[in-house]
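Here is a short briefing to read alongside the model. Take a look at the structure first, and then walk through the notes below.

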Amino acid sequence: MGSRVGVVGAGYVGLTSAACLAHLGHHVICVDNDESKVEALRAGTVSIVEPDLPELVREGLSENRLVFTSDPGSLHECEVVLLCLPTPPGTDGTADLGVLEDVLEKLSTVLPPDCVLVTKSTVPVGTAARIPALAGLASTTVISNPEFLREGHAVHDFLHPDRVLVGAAEPDRESADRVAALYAGTGAPTLRSDSASAELAKYASNAFFAVKLSFVNTLAELCERVGADITKVTKAMGMDERIGPAFLTPGPGWGGSCLPKDTRALLRTAEASGVDFALVRDALRANEYQHAIVMRKIRRAVTGAVDGSLSGTRIGVLGLAFKAGTGDLRDSPAVAITRRLSHHNATVTAYDPCVPASNLPDLNGIRVVNDPYLVAKDASAIVILTEWPEFRSLDWTRLATEVEQAVIVDTRNLLDERLLSGTGFILLGTGTVEMDRAKDAISKPHTK
Ligand SMILES: NC(=O)c1ccc[n+]([C@@H]2O[C@H](COP(=O)([O-])OP(=O)(O)OC[C@H]3O[C@@H](n4cnc5c(N)ncnc54)[C@H](O)[C@@H]3O)[C@@H](O)[C@H]2O)c1
């Protein structure tokens, strides 16, 4: 017998939670204040790119276990309500809880007295404990249940999580049981803690990923200087169980809607608590520097010199999303670098399999095309910024005939010399030996 569950926010986390909980047998009402999104969802149309999500939404609708509405009043009979709202960075980097507070005000007159409120959004330490002090919520129990899903794998991660983390005060044990029971169908281990520890665990996890990525990006730079190959270095590191292979691939910088904002927010929490978390601060600094490193490499690829001018050059960009598997452009390093190229008066043509030309964000006049081969037209370099596996299967011989100069800057080490063999392309990888060998070739660019 499923629970009556409310979900507020129908974004990556909220929509995935709503559709998956309905799939697990619960009756779910999903509220979003974006009327057009609600309309589309009622018709079974999902605007975000997430494998299996449209199918689960349509399954929930057809089996009457999933309802979409813009009216928070519809939650008046819910046993549990999950808050899946945005918590963007405020001006100083601290999480801005404005949206959450507005919604809580509305819910205070709606929720039944025994309803359990759950913070699934990433919220600062102490938020769950503070909510009952807000007007009208004194008798409401608030449980912290942070979400760890990855975009591009959201449904899989929700239904097969490594653990379900439920943070509650000791007297709220029964309410915590009710929240844990929502996930019983996943068979995942439940980890119980106090709410502050659960809230901090989410920030700590994302900050740890950020530190690991900044470490590997800087290590890649060191590899280039000393003639080592990052792919071999990280392979050896990753086989050590104490390190593990995940998050050991260099790139143009880490981004997305969570890592940068959560890392900054953790830093602000540390500062406010008198803790000097220098490691996290340096990870952020290294990430900003990473964009400059990529720009230097592009300049060298295009002009033969790290400080050469990009003005008037044509650059083809492959990938705009912050990582493969998603169309999410929020805080994407690929977008940041593309903007920088445009700012330096390069003419940029970009392609991303999940960013249709018809659905353009504001990209400073950068031309986004629906055909990857168009980015090569008269390009002085092709730059790979997102690790879409399908870029490996492009016809690189055909691309070579289109370019002005056959050079690839591969910020993700997606390609290798074997794949490009016979195409005429020079490959500038990231922290690789190929990169080192390419240096000489690049000082005499290969033009058609
Ligand atoms: N995206 C991720 O991969 C991810 C993973 C784990 C945790 N989180 C956290 O989960 C939270 C939500 O993130 P997201 O990526 O799902 O955000 P999102 O921007 O994709 O979705 C937020 C949704 O809330 C809706 N909304 C905004 N104001 C509202 C209001 N007043 N009433 C009702 N609906 C409202 C928006 O229309 C949108 O549909 C954030 O705290 C984020 O840090 C995100």
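In this predicted model, 26 residues of domain 1 are in contact with 26 residues of domain 2. Domain 1 covers residues 4-193 and domain 2 covers residues 195-448 of the protein chain. Their centres, taken over C-alpha atoms, are 33 Å apart.

**Where the domains touch**
- On the side of domain 1 that touches domain 2, the elements giving two or more residues are helix 5 (127-130) and strand 7 (164-167).
- Helix 5 provides the largest share of that side, with three residues.
- By class, the residues on this side of domain 1 are 14 nonpolar, 10 polar and two charged.

**Around the ligand**
- The ligand has 26 residues around it, and G9, G11, V13, N33 and S121 come nearest.
- Two elements give two or more residues to this shell: helix 1 (12-23) and helix 4 (98-107).
- Sorted by class, the shell around the ligand holds 12 nonpolar, eight polar and six charged residues.

**The two sides of helix 9**
- Helix 9 spans residues 230-238, and its I230, T231 and T234 are buried.
- These three lie on the same side of helix 9 because they cover an arc of only 95° around the axis.
- Turn to the other side of helix 9 and you will find K235 and A236, which are exposed.
- Helix 8 (195-226) is included in what covers the buried residues of helix 9.

Note on methods:
Residues numbered from 1 in each chain as written. Predicted model: local features only at pLDDT ≥ 70, side-chain atom pairs only at ≥ 80, totals over all residues. Near = placed C-beta within 6 Å. Helix = DSSP H or I, 4+ residues; strand = E, 2+ residues; numbered from the N terminus. Nonpolar A, V, L, I, M, F, W, Y, C, P; charged D, E, K, R; others polar. Buried ≥ 20, exposed ≤ 12 C-beta atoms within 10 Å, placed from the backbone. Arc of directions from axis to C-beta. Contact = placed C-beta atoms within 7 Å. Domains from an automatic or database assignment.
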